[in-house]
Amino acid sequence: MIQPVGFARWSKFFEFQNIPNEEWISLAAYHLEGEAQLWYQLLKSEEEITWANLKEGLYARYGPTEFDDNFGYLTKLKQINTVREYQGHFERLLSCVGRLPQSQQVGCFSSGLKKHLRLDVQALKPTSLSSAVGLAHLYKAKCHSQHQILPSRENEESLPLSLSIGKTIKKLTPKELNERRNKGLCFNCDEQFSPRHRCKKFFFFIEVS
């Protein structure tokens, strides 16, 4: 489908493809859909269609108005879901705003990222929009990777003591360890051990020789 608001690009495309002028209207009309196609059929029944009045009518109905503040929308845009989705919204608005200095493009894009990504991207001071976008995707992938390798509670027992923070450490003698074993107590808490046992409070017991 040809977007009505991209009408200016239609002419350039037709000229580039060396399409005769008399075929422009029929080709453009063929690619209109929905409300735009219904409007075209109505216009066709009321008057003779020329490239000029077709262009004027489409812009009047689907083009930007003097009340549209696309730059304002761009500066207020915030990332809600994925970086890729945010990037798409940002680039669509940027195309409506027109030419902006790279510094402004980078500033607008970075400021709309989620906080943890925004700080990482801004710290490296990218000088172009493409660099800022690339860094945002890179840091998002890094965060996803780190999230996947975080230890779960089930394998926490196997972690070295140096990686276990905030746990109580109890030093037991071999005799005390044997007593816990004979009583069927868990070695990581003071409750009875069973195959489905889950510790409510963790300790680390160290054998004292």
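Biologist: Is Ser 128 buried or exposed?

Modeller: Burial is read from relative accessible area: under 20% is buried, over 50% is exposed, and partly exposed lies in between (1.4 Å probe, protein chains only). Ser 128 has a relative accessible area of 17%, so it is buried. The model is predicted: local features need pLDDT of at least 70, side-chain atom pairs count only at pLDDT 80 or more, and totals for chains, interfaces and linings use all residues. Residues are numbered from 1 along each chain as its sequence is written, and side-chain values use heavy atoms, with hydrogens and water left out.

Biologist: Where is Ser 128 found, and with which side chains does its own side chain make polar contacts?

Modeller: Helices (H or I, at least four residues) and strands (E, at least two) are DSSP runs, numbered from the N terminus. Ser 128 is in the loop between α8 (115-123) and α9 (129-148). A polar contact is a pair of N or O atoms within 3.5 Å; within protein, one must be able to donate a hydrogen and the other to accept it, and residues adjacent in sequence count only if both atoms are side-chain atoms. The Ser 128 side chain has such a contact with the side chain of Ser 130 at 3.2 Å, and another with that of Ser 131 at 2.9 Å. For contact in general, the criterion is heavy atoms within 4.5 Å. Leaving aside neighbours within four places in sequence, Ser 128 touches Gln 102 and Val 106.

Biologist: What is the pattern of helices and strands along the sequence?

Modeller: There are ten helices and two strands, in the order α-α-α-α-α-α-α-α-α-β-α-β. Of the 209 residues, 33% are buried. Among contacts between residues at least 6 apart in sequence, 47% join residues at least 24 apart.

Biologist: Which residues have the most contacts inside the largest nonpolar core?

Modeller: In soluble globular proteins, nonpolar side chains tend to be buried together. A nonpolar core here is a set of buried Ala, Val, Leu, Ile, Met, Phe, Trp, Tyr and Cys residues joined through side-chain atoms within 4.5 Å. The largest one has 20 residues, and Leu 74, Phe 90, Phe 109, Leu 113 and Val 121 have the most contacts inside it. Two or more residues come from each of α6 (83-97), α7, α8 and α9. The most come from α9, which gives six. Apart from this core lies another, of 16 residues, including Ile 19, Trp 24, Leu 32 and Leu 58.

Biologist: With which residues is Leu 74 in contact, its neighbours within four places left aside?

Modeller: Leu 74 is in contact with Phe 90, Leu 93, Leu 94, Val 97, Leu 100 and Cys 108. Cys 108 is buried, because its relative accessibility is 10%.

Biologist: How many disulfides does the count come to?

Modeller: A disulfide is a covalent bond between the sulfur atoms of two cysteines. The rule asks for a pair of cysteine sulfur atoms within 2.5 Å, and the count is zero. Cys 143, at 26% relative accessibility, counts as partly exposed.

Biologist: How many aromatic pairs are there?

Modeller: Rings of Phe, Tyr and Trp (its six-membered ring) pair if their centres lie within 6.5 Å; planes under 30 degrees apart are stacked, over 60 edge-to-face, and the rest tilted. The count comes to seven. In one of them, Phe 14 and Trp 24 have ring centres 5.5 Å apart and planes at 40°, so the pair is tilted. Phe 14 is in helix α1 and Trp 24 in helix α2, ten residues apart, and both are buried. Tyr 86 and Phe 109 also form a tilted pair, 5.1 Å centre to centre with 35° between the planes. Because Tyr 86 lies in helix α6 and Phe 109 in helix α7, the pair ties together parts that are 23 residues apart in sequence. Ring pairs also link Phe 13, Phe 14, Trp 24 and Trp 51 into a cluster.

Biologist: What is the phi of Asn 18?

Modeller: Most residues other than glycine have a negative phi. Asn 18 has a positive phi of about 55°; it sits in the loop between α1 (7-16) and α2 (24-30) and is exposed at 67% relative accessible area. Lys 125 has a positive phi of about 50°, lies in the loop between α8 and α9, and counts as exposed at 67%.
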